[in-house]
Amino acid sequence: MKKEIEKILQFVQKPARYCGGELNSVIKNPDNVDLRYAFCFPDLYEIGMSHLGMKILYSLVNSREDAWCERVFAPDTDMEEQMRQNDIKLFALESEDEIRNFDIIGFTLMYELSYTNMLNMMDLAGIPLKSADRHNLTPIIACGGPCACNPEPIADFVDIVFLGDGEESTMQVLDLLKECKKKGESKHDFLLKAKDLRGVYVPSFYEDSYNDDGTLKELKPLYGAPNKIKKAVVADMNTCFYPDNFVVPFINIIHDRAVEEIFRGCIRGCRFCQAGFTYRPIREKSVETINRQSKALIDSTGYDELSLCSLSTSDHSCVNELLSSLIDWTVKDKINLSLPSLRVDNFSDELVDKLNKVRKSGLTFAPEAGTQRLRDVINKNVTEEEVLSTCIKAFDNGWTSVKLYFMMGLPTETMEDIDGIADLAMKVVHAFYKNPNRQKGTGVQVSVSCASFIPKPFTPFQWEPEDSMQSLKAKQAHLLECTPSKKVKISYHETPTSLLEGVLARGDRRLCNVIYDAYKLGCKFDSWDDRFNFDAWMKAFEKNGIDPYFYTQRKRDFSELLPWDHLDYGVTKKFLENENKKAHENKTTPHCRIKCAGCGANMLNGGHCDARG
């Protein structure tokens, strides 16, 4: 370890966040590679190390002999203080080299409230924050992840944006950058070529203008940039790259286990869910592939827990066969099998029988809304009877705790819908105590988690206003008042952070200066309630003459040009518009395996969508 780094670690709470050297981390000789890639996660080590996308791309880039990918996380405040005091620039964990000397610095943006952390990490690295102030070919600043759906609020800071699946486009960008370095070409030359790659967006090649009412007038392409940028799609998950090992941390992380991705996409079409639309079309791995990859991960990491990752695990078309084959060896090897993202409408007896063979933990289900009317509005396609029968089935088989996820602030929501959340939770409690098969002397715990609904791009609700902070607080108070039992535990999100997330989710390029000024006012770790500085953000909005409520509480017309309309995630705008109209008529749309709704995403995969089979 470099002495200047080693010297300051005695002054920080968790030195292992910054040491590197973990099992399966990749060390290469920098003299033997052409490209150095700093993969940055703009949050703490424990959160970033749990992120599957980082694990995949880290291993993928390091599978190249000519490239070395290293990990970088946002230092906590104690470490940042020591780094600034001792003039230590942000470094990568594997080599401890300063990342400002790397060829590409990529940020994965999982949530909008990480934007100031991205700027803070660039500043700690000694890198100019705005793309226009970085004139050399390298380092190229890139970003990807869910927030790439609308990268306009950070358009001034990044050079390229990865849209969609990153496995193929990342390799293509690295090939291009290597070629440009060898030829001595400029950053502009690189960007001119990068704009033609599938799934790569160059924000500086587009010029924004606005109408008198503040809405977006045009985002004009420059330098021959395309009018629409299509997201990248991995067509076959069975042949797509997947790591056979993960870096194993020295300290506990949020999700400290082996993770196997079993499919991408979703068949459901819940109208609030951005991932459900932007990850389409659905693409499954075979049972054989899942088993092979899972065993390799367990063998190489030593983990005793395996989690199956997808947007809806029980929607895998061969879920019972899959669980049978996994249970055959996980039970024998004493590996705990974790199954998140289960649905109440396919929680079959056969599935329960499989789950009975693995270690019991609490079950989590997501009714999302308290009344059937509102569940129809959001196209959840789940009934109260299905929720209760699923819970009864779980109680019959020994479960004593259930977590129910709901949302507050959904379009058309009333206080009756909030009452419905409490009513449904209490019905679950009563179902437990009425169950003749429950073990005597046992109690039940029903946890109700209420997230504040944020309208997101590429969903049918992208035109809807966001509920106000005052309204959300009133609904939260009402839910607490109408929940009479201590058997029901209520939790909910803080409303000021929801306001900011809503602004950044659907904002345009005028927010770049707001984010910059908020950062200069000390904002960072905005997703952490104890660090969020609402007043500083309001000052940044005021300084730039921008009303944040213009982006949250205004209902958009279908004819309005949206800041993300030039990005093509496959689902057509007309389909989303029709789904919005059906929502206001309380009409549902069947899921993809019942009937294809013609969303358009199958065209991204050569006219094929597994969900239609």
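On a 1 Å grid over the protein atoms alone, I took a cavity to be a set of points where a 1.4 Å probe fits but cannot get out, and a pocket to be an open set with protein on both sides within 12 Å along at least five of seven lines; lining residues have an atom within 4 Å of a point. I joined grid points across faces, edges and corners, and took a volume as the space filled by probe spheres set on the points.

I worked on a predicted model, where local features need pLDDT of at least 70 and side-chain atom pairs count only at pLDDT 80 or more, while totals for chains, interfaces and linings use all residues. Residues are numbered from 1 along each chain as its sequence is written, and side-chain values use heavy atoms, with hydrogens and water left out.

**Entry 1: cavities.** I searched the whole structure and found eight cavities of 30 Å³ or more. For the second largest cavity I noted a volume of about 100 Å³. I listed its lining as N24, G48, M49, H51, M54, K55, Y58, S59, R71, N245, F246 and V247. Helix 3 (residues 52-62) gives the largest share of this lining, four residues; helices (H or I, at least four residues) and strands (E, at least two) are DSSP runs, numbered from the N terminus. I sorted residues by class, with Ala, Val, Leu, Ile, Met, Phe, Trp, Tyr, Cys and Pro as nonpolar, Asp, Glu, Lys and Arg as charged, and the others, Gly among them, as polar. The lining of the second largest cavity then has five nonpolar, five polar and two charged residues.

Entry 2: I recorded about 300 Å³ of space in the second largest pocket. Its lining has 15 residues, of which S131, A132, D156, K187 and S204 are the closest to the pocket centre. By class, I found five nonpolar, five polar and five charged residues in the lining of the second largest pocket.

Entry 3: I traced an open sheet of six strands in the order 2-1-3-4-5-6, with mixed pairing; two strands pair if DSSP finds at least two bridges between them. Strand 2 (67-73) and strand 6 (200-201) are the edge strands, each pairing on one side only. Strand 1 (residues 35-41) runs parallel to strand 2, and seven bridges join them. I noted C69 in strand 2 as the bridge partner of Y37.

**Entry 4: strand 17.** I found strand 17 (residues 445-452) largely enclosed by the rest of the structure, because six of its eight residues are buried; buried means under 20% relative accessible area, exposed over 50%, and partly exposed in between (1.4 Å probe, protein chains only). Strand 16 (residues 401-408) is parallel to strand 17, with eight bridges between them, and F406 stands opposite C450. Strand 18 (residues 488-492) is also parallel to strand 17, through five bridges, with K489 as the bridge partner of S447. The chain crosses from strand 17 through helix 15 (residues 469-481) to strand 18 in a right-handed β-α-β crossover, meaning that, with the strands pointing away from the viewer, the path from the first strand over the helix to the second runs clockwise. I also read a right-handed β-α-β unit in strand 16, helix 14 (residues 415-434) and strand 17.

**Entry 5: two residues.** I located T552 in helix 19 (residues 549-552) and found T552 buried, at a relative accessible area of 1%. Leaving out residues up to four places away in sequence, T552 touches E464, P465, E466, L499, G502, V503 and R506 (contact means heavy atoms within 4.5 Å). I placed D349 in helix 11 (residues 349-355), where D349 counts as exposed at 57% relative accessibility. D349 and K393 lie 44 residues apart in sequence and 8.0 Å apart in space, C-alpha to C-alpha.
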